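Colleague: I would like to learn how to read side-chain pairs and strand pairing in a model. Could we go through them one feature at a time?

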Amino acid sequence: MKVGKLEYQPDIATNKVLDFKVNGMAIEIGQELYYGTIIDLVVGQGLSNEKVVVPNLIGLSRVEANIILKSTSLNIGLEYFNNVISDSNYAIIYKQYPQAIESKEISIGSSIDLYFELPKRDSL
């Protein structure tokens, strides 16, 4: 199984897993899942309206961006791939929304849209 999106819900506990979902549907106790299934977590937000600084993801791969976003309690939003990309493993982020402007903050659980292109070759 893989962790998908983090959905924050008001709760007295902060970061407590309150529920699990697959494709928007709650998972029942004892329900069998396929290997590699993406599980979305519903997590307690705590009693505050906690915000985090928007990270700068420009120049990173999707995997690198996902690690940073999960560690800051954020999600990957929409993903846009340049037409020339045939293998997304080689793509890097050239634009994001919201932008990583100095001290810009968003609520935990928010999503950041990512725009991908192939890395530019250095011409010597």
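**Reading the pairs**

Modeller: R62 forms a salt bridge with E79, and the closest N and O atoms of the two side chains are 2.5 Å apart. The pair links distant parts of the chain, since R62 belongs to helix α1 (residues 62–71) and E79 to strand β6, 17 residues apart. Please keep in mind throughout that this is a predicted model.

Colleague: Are R62 and E79 buried, exposed or partly exposed?

Modeller: R62 has a relative accessible area of 35% and is therefore partly exposed, and E79, at 29% relative accessibility, also counts as partly exposed.

Colleague: Which side chain meets E7 in a salt bridge?

Modeller: The partner of E7 is K21, with a distance of 3.5 Å from N to O. Because E7 lies in strand β1 (residues 2–9) and K21 in strand β2 (residues 11–22), the pair ties together parts that are 14 residues apart in sequence. E7 itself, at 39% relative accessibility, counts as partly exposed.

Colleague: And which residue forms a salt bridge with K120?

Modeller: The side chain of K120 meets that of E117, at 3.4 Å from N to O.

Colleague: How should I read the aromatic rings, and how many aromatic pairs does the structure hold?

Modeller: The reading rests on the distance between ring centres and on the angle between ring planes, with planes under 30 degrees apart counting as stacked. The structure holds three aromatic pairs. In one of them, the rings of Y80 and Y115 have their centres 4.5 Å apart and their planes at 15°, so this pair is stacked. Y80 sits in strand β6 (residues 75–81) and Y115 in strand β9 (residues 111–117), so that the pair links distant parts of the chain, 35 residues apart. Y80 is partly exposed, with a relative accessible area of 35%, while Y115 is buried, with a relative accessible area of 18%.

Colleague: Where do F81 and F116 lie, and how are their rings arranged?

Modeller: The rings of F81 and F116 have centres 4.7 Å apart and planes at 10°, so the pair is stacked. F81 lies in strand β6 and F116 in strand β9, so the pair ties together parts that are 35 residues apart in sequence. F81 is partly exposed, with a relative accessible area of 38%, and F116 is buried, with a relative accessible area of 1%.

Colleague: Which strands pair with β9, and in what sense, parallel or antiparallel?

Modeller: β6 and β9 pair in the parallel sense over five bridges, and in β9 the bridge partner of E79 is L114. Strand β7 (residues 92–97) and β9 pair in the antiparallel sense over five bridges, with D113 in β9 as the bridge partner of Y97. Six of the seven residues of β9 are buried, so β9 is largely enclosed by the rest of the structure.

Colleague: How many helices and strands are there in the protein, and what pattern does the protein follow along the sequence?

Modeller: There are one helix and nine strands, and the pattern read along the sequence is β-β-β-β-β-α-β-β-β-β. As for contacts, residues 24 or more positions apart account for 70% of those in the protein with a separation of 6 or more. Buried residues make up 31% of the 124 residues in the protein.

Conventions. Residues numbered from 1 in each chain as written. Predicted model: local features only at pLDDT ≥ 70, side-chain atom pairs only at ≥ 80, totals over all residues. Heavy atoms only, no water. Phe/Tyr/Trp six-rings, centres within 6.5 Å; stacked < 30°, edge-to-face > 60°. Helix = DSSP H or I, 4+ residues; strand = E, 2+ residues; numbered from the N terminus. Buried < 20%, exposed > 50% of the residue type's maximum accessible area, 1.4 Å probe, protein only. Salt bridge = Lys/Arg side-chain N within 4 Å of Asp/Glu carboxyl O. Pairing = 2+ DSSP bridges. Contact = heavy atoms within 4.5 Å.
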